[in-house]
Amino acid sequence: MKDGSGRKIEYLRVSVTDKCNLRCAYCMPKDGICSLSHGEILTFEEIVRLTRILADLGVRRVRLTGGEPTVRRDFTSLVREISLIHGIEEVVMTSNGLLLEEMAPALWEAGLKGVNISIDALDEEVYKEITGSCGVKKALGAMEKCLALGMKVKLNCVPVRGVNEEQLLPLAMLTKSYPVDVRFIELMPLGCGAAFKGIPSEEIKGILSAELKLKEDPCKEGVKGPATYVRGEGFPGRIGFISPMTGKFCESCNRIRLTSDGFLKLCLYSSKGIPLRDLLRGGADDGKLKAAVAGAALQKPEGHFFGEEDPEREVKRMNEIGG
Ligand code: SAM
Ligand code: SF4
């Protein structure tokens with residue numbers, strides 16, 4: 001399936017719930033969130049059916065996200081069912097890792113190939129300031145467990161000005177001890193994120209280079225997205241930078257998103273898309289759903305325009321969209 005700009009759409013991110021067991025300040029408000037009701041979110045059966053249709057249209061890779069995907073009951077069985085869909089080559093997930101250590105063996109057995117664990121600090125106090133709870137030990141325990149099982153593991157950190165600047169080097173240093181990719185993601189001014197200031201990738205590279213001898217990493221192994229990588233000399237892991245704000249990568253975007261309430265989102269930045277849940281529950285057959293998806297893909301925006309006035313700009317929070 002191609003979009004209106006000729007980009008091949010092969011990557012689907014599914015938000016399986018808008019609920020979360022943390023409250024990262026740039027993602028979700030501390031209190032007063034109104035979660036979707038049980039009837040509003042897609043059932044597993046609906047997610048699997050839509051993924052099958054998308055696989056028929058050329059989607060090859062699925063990332064399960066949220067909210068926090070591990071808080072959805074029986075999440076492992078969803079992983080198993082999606083892994084079995086003809087055409088889907090890889091199922092991975094993004095998680096805060098709090099419940100993951102225990103769940104990892106079953107998820108691995110169900111077909112999960114990799115996990116991105118979000119961890120914005122190694123210091124519990126700073127971690128708690130950002131997320132509202134302690135979780136460093138649990139997230140690192142999950143990392144070790146997933147590595148031991150043979151999963152591909154990446155750690156994601158969103159650097160926030162005045163909040164976790166001191167944590168960036170310690171996080172990057174994990175690549176000296178573990179074969180993981182530690183990636184720094186520029187904060188996007190979406191939802192709660194608009195109230196914070198991110199740190200540009202080049203500035204982070206400068207901070208790290210002052211302490212570490214870093215080399216561009218020419219190895220493209222496992223590089224399926226927009227990250228660029230460097231490596232500390234002799235380190236088993238890599239340090240990655242994802243720069244949606246200072247290094248726009250929209251021309252190579254190959255992804256679409258399904259929100260937990262079944263809206264097919266064409267771009268993180270824009271509210272454009274179609275309410276697939278309504279079509280699905282209205283009795284649409286596979287042919288009609290396929291035509292609707294392929295037609296919507298043609299409307300995928302060419303790129304994001306953060307910082308500019310745009311009536312189609314997304315107003316949903318990241319926990320609803322899935323990041
Ligand atoms: N709960 C899971 C987690 O935290 O990994 C999955 C969902 S979370 C929305 C997915 C990713 O989006 C996390 O790595 C989080 O740090 C990132 N994120 C949330 N809000 C963001 C923002 N405004 N800008 C950039 N990344 C953001
Ligand atoms: Fe929850 Fe992930 Fe959002 Fe943090 S970033 S509040 S862990 S959904």
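I began at Gly295, which lies in helix α9 (residues 286-297). For helices I use DSSP runs of H or I with at least four residues, for strands runs of E with at least two, numbered from the N terminus. This is a predicted model, where local features need pLDDT of at least 70, side-chain atom pairs count only at pLDDT 80 or more, and totals for chains, interfaces and linings use all residues. Residues are numbered from 1 along each chain as its sequence is written, chains are lettered from A and ligands numbered from 1 in the order written, and side-chain values use heavy atoms, without hydrogens and water.

My cut-offs: buried is under 20% relative accessible area, exposed is over 50%, and partly exposed is in between, with a 1.4 Å probe and protein chains only. I also checked Gly295 against Glu90, 205 residues apart along the chain. Their C-alpha atoms are separated by 25 Å.

**Ligand 1**

Next I turned to ligand 1. It has 18 residues around it, and Tyr26, Gly67, Glu68, Ser118 and Met188 come nearest. A residue is near a molecule or strand here if one of its heavy atoms lies within 4 Å of it. I sorted the shell around ligand 1 into six nonpolar, ten polar and two charged residues. In this sorting Ala, Val, Leu, Ile, Met, Phe, Trp, Tyr, Cys and Pro are nonpolar, Asp, Glu, Lys and Arg are charged, and the others, Gly among them, are polar.

Then I looked up polar contacts. These are pairs of N or O atoms within 3.5 Å; within protein, one must be able to donate a hydrogen and the other to accept it, and residues adjacent in sequence count only if both atoms are side-chain atoms. An N or O atom in the side chain of Tyr26 is 3.0 Å from an oxygen atom of ligand 1. Ser95 has a backbone N or O atom 3.3 Å from an oxygen atom of the ligand. Met188 places a polar backbone atom 2.9 Å from a nitrogen atom of ligand 1. On its own, ligand 1 has 550 Å² of accessible area, and the protein covers 94% of that. The areas come from the Shrake-Rupley method with a 1.4 Å probe; for residues, only the protein chains shown count as cover.

**Ligand 2**

Which residues surround ligand 2? I listed Cys20, Leu22, Cys24, Cys27, Met28, Gly67 and Asn96. This shell has five nonpolar, two polar and no charged residues.

**Helix α4**

In α4 (residues 124-131) I noted Val126, Tyr127, Ile130 and Thr131 as the buried residues. They sit on the same side of α4, because they cover an arc of only 115° around the axis. The arc is that of the directions from the helix axis to the C-beta atoms. These buried residues pack against α5. Gly132 follows α4 and has a positive phi, near 90°.

**Helix α6**

I repeated the search in α6 (residues 168-177). Leu168, Leu171, Ala172, Leu174 and Thr175 are buried there.

**Helix α2 and Ala110**

The buried residues of α2 are Phe75, Thr76, Ser77, Leu78, Val79 and Ile82. Their cover includes α1 (44-56), β2, β3 (90-95), α3 (100-110) and β4. Asp74 lies in the loop between β2 (61-65) and α2 (75-83). Asp74 is not a glycine, yet has a positive phi of about 65°.

Ala110 lies in helix α3. At 6% relative accessibility, Ala110 is buried. What does Ala110 touch, not counting residues up to four places away in sequence? I found Thr76, Val79, Arg80 and Ser83. Contact means heavy atoms within 4.5 Å.

**Strand β4 and Ile117**

Last, I looked up Ile117 in strand β4 (residues 112-118). Ile117 is buried, with a relative accessible area of 0%. Leaving aside neighbours within four places in sequence, its contacts include Ser95, Leu100, Met143 and Leu155. The C-alpha atoms of Ile117 and Thr94 are separated by 5.9 Å.
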